[in-house]
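Reader: Please take one part of this model and walk me through it closely. I would like to see the open spaces, and what sits beside them.

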Amino acid sequence: MAYEASEIMMAAALMYPTNVLLEYTKDVGTLRQLMIDAKNKITKGIDKSIYFGSSAIEKGFTDLMDEKNSEALKDLAGGISAAIGVRDYLTKEGETGGKNLSPAIYMTGNVWPKDVEKFRVSAYGFEDYNSSDVMATADKKTFYGISLKKKRKTNAGEPTLINKAFDSVLDGKQFDKIKEELANIRAEYFSGLVIEAVDKGIILKSHIKNFDALKKTTNGRKELFEGKQRDKKLFDRSYIDTKGSAKLPGGYKSDDTKNENSMRYFVNKKLAEKNNPLWKEFVKVMNKYSDLFAESLINIILKTKLFEEIEAKDLKNYKFNFFLVTGVGDITSKGDVQIGHATVLPLKTTLCGLTRIQEKNKNKKYEIVLDDVKKGESEAAKIFLQLKKGNLTLLDLEIRYKGAFTPQPQFQGTIHPDFKRLLKDECGLG
């Protein structure tokens, strides 16, 4: 599993009262001492309040607690921000724990500690639909799941809430027809680029067996896209994923992808075009099934059905709350420690906001629109979208290809400022 330093840093910060944490943030030297002290408490069993699913997971996390690593120290600053933010929220809400939240902290991962394993949820195509990175409890009855994000500066852009393959949105039989439509669109578009690459001499026609026949049929176009029957002595990957070119010294296996004669350069340039037909077709399909897409996007990004899934487990003796938390922390070039105000977004607040939007726009469908401003500012091979209902924008979305074009593209999602304003004005977001 991958280990994220900010998660263990927040857990470590929760071991200390807030006033003690603030003493440790006077400068980078005292912050370094906190790192050393916290790591000793965990690894030497001095403080047994942090639980791991296995010894391997414990080692994976504590290895990141390196007081000589400047990025790790910045993550500790962010972890302190998150810990204080969660405590402040719970105190304000009068929930169990409040300022004293620290007795039991659980690090999740591919193995969850036994006390919190009951809250693990696999649903909607995700092994861990309950995306809590850290769980905490003051009384072993009320548990708080924290999905943690980080940023260095308060005014920095919002961190991505999800970064998954596009087809992770399309979980369930109701999406089968949509998947087929999108697969056909991708095959048609990318096979067309292979044909254009042959016309330009990037790929030689003689190097694709039965090229003229392939480009005339649906199955042939699919083969030009997938390249399963390619000459593997010439091509180490599908035609569309080829990095090099017949024009380059290293041939198709050349890694000189910045050369304008390379296949990778050619495909990326096409995808970056302002009116790219692939992205336009994607948006058309998404809007054809806009409510279905919107419900899925909102659910997998904001975990809106998590309470339902937990309730289905019938855990009568336990309460569960879930938060999206963004810690803000940095260290300046002069060694000053900056602890920003964390954003704590409880799931119940998100659900309140979605109810308000529904009430205000009862007769309107969700709509997925191109963000022309962002696209106009970018030359990257990706598309910028917004999910809207009526006049309110809920989510900012990006779809992009990362390194290869035969797999599904990746998509990322963040909460749009319009939705955040509604959550503050009408649902009590701090």
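**Pockets, a cavity and a bond**

Author: The lining of the largest pocket has twelve nonpolar, ten polar and nine charged residues. (Ala, Val, Leu, Ile, Met, Phe, Trp, Tyr, Cys and Pro count as nonpolar, Asp, Glu, Lys and Arg as charged, the others, Gly among them, as polar.) This is a predicted model: local features need pLDDT of at least 70, side-chain atom pairs need 80 or more, and totals for chains, interfaces and linings use all residues. Numbering runs from 1 along each chain as its sequence is written, and side-chain values use heavy atoms, without hydrogens or water.

The volume of the largest pocket is about 960 Å³. Of its 31 lining residues, Glu7, Ser131, Asp133, Lys149 and Lys164 are the closest to the centre. Helix H1 (5-13), strand S4 (142-151), strand S5 (162-165) and helix H11 (290-302) each give two or more residues to this lining. S4 gives the largest share, four residues. (Helices, H or I of at least four residues, and strands, E of at least two, are DSSP runs numbered from the N terminus.)

Now the second largest pocket. It holds about 440 Å³. Of 25 lining residues, Lys151, Glu158, Ile415, Pro417 and Lys420 are the closest to the centre. Strand S10 (382-389), strand S11 (392-400), S12 and H15 each supply at least two lining residues. Seven residues of this lining are nonpolar, nine polar and nine charged.

The whole structure has three cavities of 30 Å³ or more. The largest cavity holds about 120 Å³. Its lining includes Lys149, Glu158, Ile415 and Lys420. Strands S6 (319-331), S8 (343-346) and S12 (410-415) each give two or more residues to it. S6 gives the most, three. (On a 1 Å grid over the protein atoms alone, a 1.4 Å probe fits in a cavity but cannot get out; a pocket is open, with protein on both sides within 12 Å along at least five of seven lines; lining residues have an atom within 4 Å of a point. Points join across faces, edges and corners, and volume is the space filled by probe spheres set on them.)

Finally, back to H15. Cys352 and Cys427 form a disulfide (sulfur atoms within 2.5 Å), with the sulfurs 2.1 Å apart. Cys352 lies in helix H13 and Cys427 in helix H15 (residues 417-427), so the pair ties together parts 75 residues apart in sequence. The S-S torsion is about -80°, so this disulfide is left-handed.
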